[in-house]
Amino acid sequence: MPKVPASVPESARRWTPAEPEAAPLTDRERVSFLLALPDSAPDEYKQAAARRVSALKFGVPDPDGRMWNPDRKGMPFDSGSRYLDFMRGMEKSGNIWEYAADDELKAFAAADDAGKIGLARKAMGIADKAGEIGQRLQDTFAAHGLDDGHPDLRDAPDDVLSANARLRADRDARRRYNLEQTASSEPFREPRAKEEADADRQAVDAWRSRRRDEELVSRHAAKLFDRHLWAVWLSVAPSLSEDARRIAEGAVRGRRLAGNDIAAFQRLDEKEQAVVAKLARLSRAPSAGTAVNTLKDMGIGFLNGLGTLPVNAVIQAGRVTATLAEAVFGKDAGLIDNAEMNRRARERLRLEEALD
């Protein structure tokens, strides 16, 4: 062994190799560490741990449990300890859907179309039931041969549109006769056989009834998902761009769009703007914001198309088939056109919703 020169300091003579750097923890290891936080830890530590578990394990950026809390919509858990206990229970269950969804949402998701209509009608209050009866009665006596663009014809299939066009032609023929008849005119003759006209009326009436059923189910779904904001996030977030998701996460954490995100928000396309705005609004307590936006939360547009969630939302979130257009505006929305003025007006409304 070579002799060490006397000029070498004593500390260098006793040098030993440094320990190799430990590999960084995986997300799984981080989650296990956070869930193992001792009960004696301060409550704010528990809330921070639960928040990180929600994001790392379940993909939901929930700062205080407001998206998970099954008891109060838009309200956080009353302590970090409760929030962490909820995360521990969900981790132990291994299935987000079974643990976090209530029985009413599970029954709704498992039902077929007819079952969903029945559940929605059963959940209606007295005033809502009276309103629905009145609407159906009004449909019974409503006119046929509707003009193009009538709300009842929106998204109607071709056979319904054709039936309505024939009824409109009958109506126009009768109107012309009434305007042009004289004392010597012959009695009005129906242009078609009664059976044909009746069949067309039945086709239009059946479509109207189907639309009312869809509206009823959509309103009920909105109320259910209003109590399950985690399900809304897991269903919509995978379809968002990276920028939209980042802005949405900040809006959920802050309960409104951050001021330094407004410019980035305006660069998003209209569908993503609407998603971000609605997520910000839904993350707030019902008493927050204006009465107008509180009423908007009960609208049928945002959650239309999300009526059937996967059995395990964590595993299958990426397979949700609802498109952004349906999720945001609903099949009936008809909100998109190419006019720049209208586009800017809609953007302003979405900004108000996200900031209010």
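Me: What follows α3, and what is its phi like?
Reply: Gly59 follows α3, and its phi is positive, near 70°. Bear in mind that this is a predicted model.

Me: How does the span of α3 compare with what its residue count should give?
Reply: Helix α3 runs over residues 43–58, which is 16 residues, and at 1.5 Å a residue it should span 22 Å. Its end C-alpha atoms are 21 Å apart, which agrees.

Me: Which residues of α3 are buried?
Reply: Lys46, Ala49, Ala50, Val53, Ser54 and Phe58. They cover an arc of only 140° around the axis, which puts them on the same side of α3.

Me: Why would residues three or four places apart point the same way?
Reply: Because an α-helix has 3.6 residues a turn.

Me: And which exposed residues are on the face turned away from the buried side of α3?
Reply: Glu44 and Tyr45.

Me: Switching to aromatics. How many pairs are there in the whole structure?
Reply: A search finds seven aromatic pairs. One of them is Trp68 with Trp230, stacked, at 5.7 Å centre to centre and 15° between the planes.

Me: Where do those two sit in the chain?
Reply: Trp68 is in the loop between α3 and α4, and Trp230 is in helix α11, 162 residues apart. Both Trp68 and Trp230 are buried.

Me: What about Phe77 and Phe86?
Reply: Their ring centres are 5.4 Å apart with the planes at 45°, so that pair is tilted. Phe77 and Phe86 are buried too.

Me: Which residues form the aromatic cluster?
Reply: Phe58, Trp68, Phe77, Tyr83, Phe86, Trp97, Tyr99 and Trp230.

Me: Last one, what sits over the ring of Phe108?
Reply: The charged end of Lys116, 5.2 Å from the ring centre.

Note on methods: Residues are numbered from 1 along each chain as its sequence is written. This is a predicted model: local features need pLDDT of at least 70, side-chain atom pairs count only at pLDDT 80 or more; totals for chains, interfaces and linings use all residues. Side-chain values use heavy atoms; hydrogens and water are left out. Helices (H or I, at least four residues) and strands (E, at least two) are DSSP runs, numbered from the N terminus. The expected span of a helix is 1.5 Å times one less than its number of residues. Buried means under 20% relative accessible area, exposed over 50%, partly exposed in between (1.4 Å probe, protein chains only). The arc is that of the directions from the helix axis to the C-beta atoms. Rings of Phe, Tyr and Trp (its six-membered ring) pair if their centres lie within 6.5 Å; planes under 30 degrees apart count as stacked, over 60 as edge-to-face and the rest as tilted. A charge sits over a ring if NZ of Lys or CZ of Arg is within 6 Å of the ring centre and within 35 degrees of the ring normal.
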